[in-house]
Amino acid sequence: MAHPVLVPPLGQTVDTVTIVTWYKREGEAVREGEPLYAIETDKAVLDIEAQASGVLRGVTATEGDEVEVLRAIAEIATAAEGGTVGTTAEAADGAPEVAPSESSVAARAVTPVRRGPRQFVSPRARRLAEAEGVSLEEVAGSGPEGAVVERDVRAWLERRSSAQETPPRELAAPAAAVSEVVVAQMGAKLAGAPLVTLDVEADASALTGLRAQLAAAEVEIADTDLWLCVLGRALRDQPALNASLEGDVLRRWPRVQVGLVVDTGDGLAVPVVRDVDQKRLAQLARETRELRARAHEGALTAEDLKGATFTLADLGAAGIDTFTPFLDAPTTAMMGVGRIRKGGGAADATVWLSLSYDRRLVDAGRASRFLRQVAQLIEQPYRLLA
Amino acid sequence: MAKMSIAEALRQAIREEMVRDPRVFCVGEDIGVEGGFGGAFTVTLGLSEEFGHERILDTPISEIGIAGVAIGAAMAGLRPIADVQYGDFLFCMMDQLVNQAAKMTYMSGGTVSVPMVMRAPVGSTRRGAQHAQSLEAFFTHVPGLKVVAPATAYDAKGLLKSAVRDDNPVLVFEHKLLYGSKGPRSEAGALSPVGEVPDEEYLVPIGKGIVRREGSDVTIVGKLLTLYRALGAAEKLAAEGISAEVIDPRTLVPLDRELILESVRKTGRLVIVEEDNLTGGWAADIAAIVAEEAFFYLDAPIVRVSAPDTPAPFAPVMEAFYVPSEERVIEAVRSTL
C-alpha cells in the first residue's frame, strides 16, 4: 500500500508550514529515514524524513507552498505498487493489495532498476562509512543496481559537515516525543543486555582543587564537565569502549560522543555531547549548560539524541553516593558518577565511579583497564595535559 | 631517437642481441628465404643477409620441429629466438612447451635451464578461426613459462632483449594489427603504432607494467590491441568528465599485480579488456586477484570485456562485433559508475 506523506504536527502553536525544498523528485526512489523535504515554520527550518521506503509520487505541494499540518502532500508507493516487479503470476502468488495501475507503470519507468529489495553497499562505501562513523541506513544509493557507493557516503558527509557549519537551527519537537524515545530505548536495553557493573572509589582531592583554581580564574565548570573531559581522554585512549550496537553489529566509532543523562523534571533524556575528546573544558561546559537548558524546556530534538558512543550519568548533584547505572543502549558501556564526598578517609575528597557494560560486547579486562584509567585521570589530573 | 614500428623494433632487438651474443639465433618458417617477407610479418627481413642462413634458420612447415630444435638448443646452451607464423600453431607444440620446456628446470633440480624465446602473433585479423586466437591465457596458466605482451615499439624492443637474456622460456605475444608492417604483410585494420625508440642500449624489465594514462574514476586494464581500445575509450570518456586510468601490464607472467591493485585502490572500479574468449580467460584471473586483494576498495562490480565464447568469425562484420570495441569498453565503464 502507499504511505501518505503527511506534514507533521509541530506543537500546539503551528498550524501551517512552508515547503522549503524537496530532496526527492516525483518518481524517485525513497528510503525510510532519509530526508524527504524541508519545511519552515515561524521558528525553524526542519528536514522531514521519509516514513517508508518506495517511490515518491503524487506530489501536490511545491516549494514555497504554505500547507496545513497533517495534510497529505504526496505518497510513497511501496515495491508492490511502484516497484520493479508486477507480473500476473507474482500478483497471484504475492497477492499485492492493488493491481498495477497506470501511475505505477509510470513510476516504474523512472525508478532505478533494482534486482531485489535488498540495499547493496559497495565494499568501498562500507569501509568509508565505518571509518567516518556514518550509519548506512541514512545513505541513499546511486551506484550500480542502486548500491550505496563511495560518492553517496561522501555526499552524506558533506551534508553533515555543512549542517554542522550552519548555526544551530532552532529545532522544534514536542517534549512528549523525546520522552517516548528515551523510554523506548531504555526499555529495550534493559531487556536484552546482560550487564556487569564495576565500582571503584577514586581520590578526588586533586580534581576538586583544580576546579577551585579554575573558578578563581573565572572558568565556571560543573563536575560533570570534568567527568566528560576525563572520559574523552580515556575513550580516545581505549576505543574498545567507544562503541555501540546496531542491530547485531557492534560498531566502534572514531568520534567520541557521550550521551549525558539529564533530568528534565518530567523524566530522563540523554542528549549527546559531540566530539568530547576534541573540546576544551570551557566549551564542554557551555555545551552541557545549553543541552540541560534545552532538556528542561522540552526543546531537545531527535538530532540531539542521536549518535551516542558512550553514556554518562552524574548523580552527584542529586546527592547520590553510588548507584548501578543501567545501560542506555545502543552504547556498550555507561559510567555512573556519584557525589564528591569530603573527608572520607585519608583523602580530602572521594568519589565513587561505577562502570556498567554489556558483557557480550566488552570483556572484564578491558572494562577494568578503562575504569582504572578514568580513576587515575581523576586522581592525577595533570595527566590530562600529557 | 628513431621512430619505428613494432616490427622494426623487434627486428632491431634481434639484430642487436645476435651481434652481442653469438649464441643467439633465429629459427622459424620462411624467416630468411631469398625474396621472402622475413617471416609472416617482416620481423626478420634482411637478417639472413647479415647473419647467414646458419643463424637465421628456415625450417620445413613443422611447428613440432621448430619447438624441438629451439628447446633442445636452449638446453644445450644456445639462445634461440623461435617463431610461429600464427600463434594458433603453438597448439601443435603443446607437449614440448608445457611438458618439456616449462618443467625442465624444476625436474632437473635447477641444473638444466631452457633460455628460449618463442614469438607468436595473436589477434583476430579477418583470417578465420584458426589464425585469430589470443592464446595468452593458455600459457599464463603454465608454471615455468614467462609471458610478455608488448604493445608499443619501445616495449617490443626492450622486452624482447630482456627475453633473450632470461634463463627461462619466454613467450612473446605480438598482435598482428600492431606490427605496423608495410606493403603486402600489412593486415586489414592495422593500427600501425609507430613509437620512439632510443638509439642507445636499453632493456624493459620483465614483470613491470605501466600506467598509460592516469585517471581517478575507473581503472581499465588492456593489453596488446585492447590497450588501444582502452585508451580510445578513455579519451572519449574524458569528454564526459569520466577520468579513466589505463594500465598496460606489458608482462603477463610474472604479473605486476601491485600496479593494478594500487590503481584500483585509488579508483575503486575495474574494467578488464581482452580479445580472448571470456570463460577461464586472463581477465578472469585479474578480476580474481583484485577481488581477493583489494575487495574492500571496490566501489562497483568488476567488469570483463572480452570476445564471446565462440571461435573467431571470418566475416568482417561479425569479426568487428566479436573483438571488443571502444564502445563496449565505454559501456562497461558506464555500468560501473
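Q: Rings of Phe, Tyr and Trp (its six-membered ring) pair if their centres lie within 6.5 Å; how many aromatic pairs does that rule give over all chains?
A: The count comes to 9 aromatic pairs. This is a predicted model, where local features need pLDDT of at least 70, side-chain atom pairs count only at pLDDT 80 or more, and totals for chains, interfaces and linings use all residues. Residues are numbered from 1 along each chain as its sequence is written, chains are lettered from A and ligands numbered from 1 in the order they are written, and side-chain values use heavy atoms, with hydrogens and water left out.

Q: What makes the pair of B:Phe139 and B:Phe173 tilted?
A: Planes under 30 degrees apart count as stacked, over 60 as edge-to-face, and the rest as tilted. Here the centres are 5.9 Å apart with 40° between the planes, hence a tilted pair.

Q: Which parts of the chain does the pair of B:Phe139 and B:Phe173 link?
A: B:Phe139 sits in helix H6 (residues 136–140) of chain B and B:Phe173 in strand E7 (residues 170–175) of chain B, 34 residues apart. Helices (H or I, at least four residues) and strands (E, at least two) are DSSP runs, numbered from the N terminus. Both B:Phe139 and B:Phe173 are buried.

Q: Why is the pair of B:Tyr154 and B:Tyr202 called stacked?
A: The centres are 4.3 Å apart and the planes are at 15°, so it falls in the stacked class. This pair also links distant parts of the chain: B:Tyr154 is in helix H7 of chain B, and B:Tyr202 is in the loop between strand E8 (195–197) and strand E9 (210–213) of chain B, 48 residues away.

Q: How do you know whether B:Tyr154 is buried, exposed or partly exposed?
A: Buried means under 20% relative accessible area, exposed over 50%, and partly exposed in between (1.4 Å probe, protein chains only). B:Tyr154 comes in at 34%, so call it partly exposed.

Q: Which residues do ring pairs link into a cluster?
A: That would be B:Phe41, B:Tyr86, B:Phe89 and B:Tyr179.

Q: Why does B:Thr152 count as buried?
A: Its relative accessibility is 18%, so it makes the buried class. B:Thr152 lies in the loop between strand E6 (146–148) and helix H7 (153–165) of chain B. Contact means heavy atoms within 4.5 Å, and leaving aside neighbours within four places in sequence, B:Thr152 is in contact with B:Ile6, B:Arg212 and B:Tyr228.

Q: Which residues touch the most other members of the largest nonpolar core?
A: In this core of 61 residues, they are B:Ile14, B:Ile220 and B:Val271. Helix H1 (residues 6–20) of chain B gives the largest share, 7 residues. A nonpolar core is a set of buried Ala, Val, Leu, Ile, Met, Phe, Trp, Tyr and Cys residues joined through side-chain atoms within 4.5 Å.

Q: How do you know where this core lies relative to domain 1 (2–197) and domain 2 (210–336) of chain B?
A: Both domains give residues to it, so it lies between them. The domain bounds come from an automatic or database domain assignment. Apart from it lies another core, of 50 residues, among them B:Ala82, B:Val84, B:Leu255 and B:Ala287.

Q: How many helices and strands are there in chain B?
A: Chain B has 12 helices and 14 strands. Buried residues make up 57% of its 337 residues.

Q: What makes A:Pro9 partly exposed?
A: A relative accessible area of 48% puts A:Pro9 in that class. A:Pro9 is in the loop between strand E1 (3–6) and strand E2 (16–22) of chain A. Beyond four places in sequence, A:Pro9 touches A:Val69 and A:Leu70; its C-alpha atom is 5.4 Å from that of A:Val69, 60 residues apart along the chain.

Q: How confident is the predictor, on average, in chain B?
A: pLDDT is the predictor's confidence in each residue, from 0 to 100. Chain B averages 95, and 98% of its residues score at least 70. Chain A averages 77, with 77% of the residues scoring at least 70.

Q: Where in chain A is confidence lowest, and where is it highest?
A: The lowest is helix H3 (residues 102–110) of chain A, at a mean of 35, and the highest is strand E17 (residues 333–337) of chain A, at 93. Over residues 82–116 of chain A the pLDDT is below 50, and it also stays under 50 over residues 166–190 of chain A. Where pLDDT is low, the predicted coordinates should not be read in detail.
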